[in-house]
Amino acid sequence: MRVRQLGLIALMALGSVLLWLGLPFIWVFLASKLVDSSQPSIGPYLLILFGIPASMFVVGKGLSRLNRAYGRLNGTPSDQPVQAAWMRSMRGERGSTRPRTVLDVVMVISVVSALLLFGVWFFAFAGSSLPS
């Protein structure tokens, strides 16, 4: 049981890295293979513009399925309806009505680590594009 839970968490972590880093890289790479010049037509740009959000939607649905599978395995239901924050009363209960899931934690960790890695790359390794 524990191995399955760790496997689902690892799949969620891989899926979140794919979501933030892999999919944009793949679509830009595919679009770059479609053109022969440095002045491409609008086709590759449209491919990237529609391809990235569509594939992110598909991967996001897959991540939510993994999260539900983890909830069933762990015994915590994650299919309960959640009322959006903007639909609640300002005077109502202040506490969260939705428990934090493993997917929430995995996504936050992946976004924070991607931002930190970007900052390290930008300030330490990118170099200046200004003429010296």
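Among contacts (heavy atoms within 4.5 Å) in the protein chain between residues at least 6 apart in sequence, 74% join residues at least 24 apart. This is a predicted model, where local features need pLDDT of at least 70 and side-chain atom pairs count only at pLDDT 80 or more, while totals for chains, interfaces and linings use all residues. Residues are numbered from 1 along each chain as its sequence is written, and side-chain values use heavy atoms, leaving out hydrogens and water.

**The overall picture**
- The protein chain has three helices and zero strands, running α-α-α from the N terminus on. Helices (H or I, at least four residues) and strands (E, at least two) are DSSP runs, numbered from the N terminus.
- Of its 132 residues, 18% count as buried, meaning under 20% relative accessible area with a 1.4 Å probe, protein chains only; exposed is over 50%, and partly exposed is in between.
- The accessible surface comes to about 10400 Å², and 69% of that belongs to carbon and sulfur atoms. Areas come from the Shrake-Rupley method with a 1.4 Å probe.

**Helix α1**
- Helix α1 covers residues 2-34, and its 33 residues should span 48 Å at 1.5 Å a residue; the end C-alpha atoms are 45 Å apart, which agrees. The expected span is 1.5 Å times one less than the number of residues.
- There's a bend of about 50° in α1 at Leu18, taken as the angle between axes fitted to the seven residues ending there and the seven starting there.
- Buried residues of α1 include Gln5, Gly15, Ser16 and Ala31, and their cover includes α2 (42-74) and α3 (102-125).

**The nonpolar core**
- The largest nonpolar core has 10 residues: Leu8, Met12, Leu19, Leu23, Val59, Leu63, Tyr70, Leu103, Val106 and Met107. Such a core is a set of buried Ala, Val, Leu, Ile, Met, Phe, Trp, Tyr and Cys residues joined through side-chain atoms within 4.5 Å.
- α1, α2 and α3 each supply at least two residues of this core, with the largest share, four residues, coming from α1.
- Leu8 touches Leu66, Ala69, Tyr70 and Leu73, not counting residues up to four places away in sequence.

**A look at Ser55**
- Ser55 sits in helix α2 and counts as buried because its relative accessible area is 13%.
- Leaving aside neighbours within four places in sequence, Ser55 is in contact with Leu23 and Trp27.
- The side chains of Ser55 and Trp27 make a polar contact (2.9 Å), that is, a pair of N or O atoms within 3.5 Å, one able to donate a hydrogen and the other to accept it; residues adjacent in sequence count only if both atoms are side-chain atoms.
- A polar atom of the Ser55 side chain also lies 2.8 Å from the backbone oxygen of Gly51.
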